[in-house]
Amino acid sequence: MTTTIASHPALTGRRVPLSVTVSAWAVPVMIVGQFALISGIPVVIALVGALRRVPDRAVRRAATLVAVTFAIPLTVWLTRPDGAPSLSKDMHPGFAGLIVAASAVLLVTLHRARRRLPAR
């Protein structure tokens, strides 16, 4: 009598880079802390890192969502002739909440992807 063991297929993929995770955490902290313009740097890092290094489509979509929600108030601030001196003062609180919510979605998808992908 032989016993067969069902083997699970190995997940071939890469780890979620730490820079993407740190950037995803930095975005809502900077938005809430009134550093909205500087938070564009972690938005770009999270977007590029997710698109280039993370194989999970949900993470890519969530990073794109964060970038789009950040780009809308940035574009409004840059094109408005009578805008405030800083993006944080010009941004509607609803947009700030939307960016924080999109960042929370990105963090959840990163956590889910990190649990699924094997460590190197």
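A crossing of two helices is left-handed if the near helix is turned anticlockwise from the far one by less than a right angle. In this predicted model, the crossing of helix 1 and helix 2 is left-handed.

Start with that pair. Helix 1 covers residues 18–32, and helix 2 covers residues 40–53. Their axes lie 8 Å apart, and the packing angle is about 150 degrees. Helix 1 is therefore roughly antiparallel to helix 2, because angles over 145 degrees count as roughly antiparallel.

Now look at the contact itself. Helix 1 contributes Ser 19, Val 20, Ser 23, Ala 24, Ala 26, Val 27 and Met 30. Helix 2 meets them with Pro 42, Val 43, Ile 45, Ala 46, Gly 49 and Ala 50. By type, the residues of this contact are ten nonpolar and three polar, with no charged ones.

Ser 23 of helix 1 deserves a stop. Its relative accessible area is 5%, so Ser 23 is buried; the cut-off for buried is under 20%. Leaving out residues up to four places away in sequence, Ser 23 touches Pro 42, Ile 45 and Ala 46.

Move on to helix 5, residues 93–116, where Arg 112 is found. Arg 112 has 34% relative accessibility, so this residue counts as partly exposed. Beyond residues up to four places away in sequence, Arg 112 touches Asp 56 and Ala 58. Val 59 is 53 residues from Arg 112 in sequence, yet the two are 9.0 Å apart in space, C-alpha to C-alpha.

Notes:
Residues are numbered from 1 along each chain as its sequence is written. This is a predicted model: local features need pLDDT of at least 70, side-chain atom pairs count only at pLDDT 80 or more; totals for chains, interfaces and linings use all residues. Side-chain values use heavy atoms; hydrogens and water are left out. Axes are lines fitted to C-alpha atoms, for helices over the stretch in contact, and angles run from 0 to 180 degrees between N-to-C directions. Helices (H or I, at least four residues) and strands (E, at least two) are DSSP runs, numbered from the N terminus. Angles under 35 degrees count as roughly parallel, over 145 as roughly antiparallel, 65 to 115 as roughly perpendicular and the rest as oblique. Contact means heavy atoms within 4.5 Å. Ala, Val, Leu, Ile, Met, Phe, Trp, Tyr, Cys and Pro count as nonpolar, Asp, Glu, Lys and Arg as charged, and the others, Gly among them, as polar. Buried means under 20% relative accessible area, exposed over 50%, partly exposed in between (1.4 Å probe, protein chains only).
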